[in-house]
Amino acid sequence: MIPLVSRSFSFLDSRAIISNGQSYTYKELLNRSEEIASFLLGSKKDLQESRVAFMVTPGFDYVSVQWGIWRAGGIAVPLCITYPEDALHYVVEDTQAIHVIASEVFSEIASAVASRLGTPFSIVIDCKHSGNSLPDIEAHRRAMILYTSGTTSKPKGVVSTHQTIAAQIGSLVDAWKWTSQDHILCVLPLHHVHGIINVIGAALWSGATCQFLPKFNAEDVIASFQIGEINLFMAVPTIYFKLISYLDACSDIEKESAKNCMKKFRLMVSGSAALPVSVMEKWESVSGQVLLERYGMTEIGMGISNPYEGERRPGFVGQPLPGVSIRLADENNIPIQGEPGEIHVKGATVFKEYWQRPEATQSAFTTDGWFKTGDIAELVDGSYRILGRNSTDIIKSGGYKISLLEIEEVIRSEDGIIDCSVVGLPDEEWGEIIAAALVTSDAFNLDECIIGLKNKLPGYKMPRKFKLLSELPRNAMGKVTKNELKTIF
Ligand code: MLC
Ligand code: AMP
């Protein structure tokens, strides 16, 4: 059985989802996902872990398609709804998806990707069929592939099983005391664990209600809060920063009314990137809520969290979550104490493999089975503090993980580029922003280059600053000195 789906039979008449101003019960979600599963099966008895990619607006349709793929025995591959065609093509091709499903609004781009690869394509409303009996899915089977940027130039697919997903969700439900009375607002993109596991997964596991906004917008978030039903919120630091800026511009009466409503929330969580202490403090003053900061990663779900009850220490991420083992280790993977080290993780929440990359999978684990996160932390008075990463080629911007090497490779494919180097610059709102230094030929045209990049990169991977240089700063070994480059910016 698929743990998340089978649990929902206990909440049939409860409200599962609110999207587009409509409410849907768990029974409606089960019925619709069954229709989609039956459609995907056609004449087959079980999709046997075939991949199905879907580009669907956050809401009832998204969850129905995700569950439909699972119930047919497939692996769900959620596509980022803001990706340009090339980036979508990469994911659909890499997973060798057997079907692409899209909301009507994305049908043009998604069908173009599918037809380039000769993959069958359907829009969500056409995924309707009944009569097929659904296969029995064992929990150890593969369930989902999420793409994550790594130290190699191309994103890798992180494979989780139904068991992994259940362990990731169960740990959070336990630690943060979810109940069927909870009601959460989802504003996060749904091709990453933060939205998929922490928000939708935990809500539906608990028999709670998950309300969706199709896209983050500060005014809509505060207006949704003021209806008075939502009691939980989870977001990246950039979103809290944007909500603070929005509230700062409101009248005193509006501020007071927003605060009165938010201070009644049961919990507000921040994660996916470091929460600046200034944002945590400002948020408390505008909402009356002490944010709970936690640490996670696509490969592990959530690993470390400040306590639900007890002190939420600013600048720290807290203690290991239930069922998660954490240790700090040196460069030789030897466990260390009393000094900073790389975070290693073990437990049922850890992913199965990188999709069709056995060597990358093997090198991500120690010989005794610990996953090496690449994040450096220290343990101070029983609480972990994240200090940075062991690679300068990865940054976080708006909560998205970005490989600078991946962007450099895309820039190099543009006309007139002789050389380039990309760095992350500290930024109060975004955490870091992407800056690209270019060495170009005389015929180079920056505007054309930007248009070319926009066709290949989603908005959040686009460089925000460009500098044209006659040469890049390099050390005696010929390696670009990125710290020097940052000072040039
Ligand atoms: C967008 N813009 C940026 C930017 N992204 N500028 C600088 N840096 C960035 N990264 C600009 C756009 O070009 C545009 O400018 C303006 O901001 C608005 O763009 P948008 O796309 O409409 O932005 P918005 O919707 O406001 O997006 C902000 C956001 C989004 C914070 C809502 O970035 C987001 O959803 N982040 C969450 C990512 C996430 O879920 N990560 C979890 C990964 S899992 P202009 O000039 O064109 O108007 C993980 C594990 C864990 O990390 O621990 O959770
Ligand atoms: P992703 O691969 O997109 O899942 O991003 C995971 C990475 O986000 C982690 O490896 C960390 O570098 C970073 N991260 C997540 N939560 C936090 C946090 N609370 N503080 C600092 N970094 C974080």
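**View 1. Ligand 2 and the backbone atoms around it.** A polar backbone atom of Ser-272 is 3.3 Å from a nitrogen atom of ligand 2. The model is predicted, local features need pLDDT of at least 70, side-chain atom pairs count only at pLDDT 80 or more, and totals for chains, interfaces and linings use all residues. Side-chain values use heavy atoms, with hydrogens and water left out; residues are numbered from 1 along each chain as its sequence is written, and chains are lettered from A and ligands numbered from 1 in the order in which they are written. A nitrogen atom of ligand 2 also lies 3.4 Å from a backbone N or O atom of Ala-274, and a nitrogen atom of ligand 2 lies 2.8 Å from a backbone N or O atom of Arg-294. Ligand 2 is surrounded by 16 residues (a residue is near a molecule if one of its heavy atoms lies within 4 Å of it). The closest are Glu-293, Arg-294, Thr-298, Asp-375 and Lys-396.

**View 2. Ligand 1 and its surroundings.** Around ligand 1 there are 25 residues, of which Lys-215, Ser-272, Arg-294, Lys-396 and Arg-464 are the closest. An oxygen atom of ligand 1 lies 2.5 Å from a polar side-chain atom of Ser-272. A nitrogen atom of ligand 1 is 2.8 Å from a polar side-chain atom of Ser-397, and a polar backbone atom of Gly-398 is 2.8 Å from a nitrogen atom of ligand 1.

**View 3. Helices α9 and α11.** Helix α9 (residues 237-248) and helix α11 (residues 277-287) have axes that come within 10 Å and cross at roughly 45 degrees (axes are lines fitted to C-alpha atoms, for helices over the stretch in contact, and angles run from 0 to 180 degrees between N-to-C directions; helices are DSSP runs of H or I with at least four residues, numbered from the N terminus). This makes α9 oblique to α11 (angles under 35 degrees count as roughly parallel, over 145 as roughly antiparallel, 65 to 115 as roughly perpendicular and the rest as oblique). Residues of α9 in the contact include Tyr-240, Phe-241 and Leu-247, and those of α11 include Trp-283 and Val-286 (contact means heavy atoms within 4.5 Å).

**View 4. Helices α4 and α5.** Helix α4 (residues 85-95) packs against helix α5 (residues 107-117) at an angle of about 50 degrees, with the axes 10 Å apart. The two helices, α4 and α5, are therefore oblique to each other. Among the residues that make the contact are Leu-88, His-89 and Val-92 of α4 and Ile-109, Val-113 and Arg-116 of α5.

Note on methods:
Polar contact = N/O pair within 3.5 Å; in protein donor to acceptor, adjacent residues only side chain to side chain.
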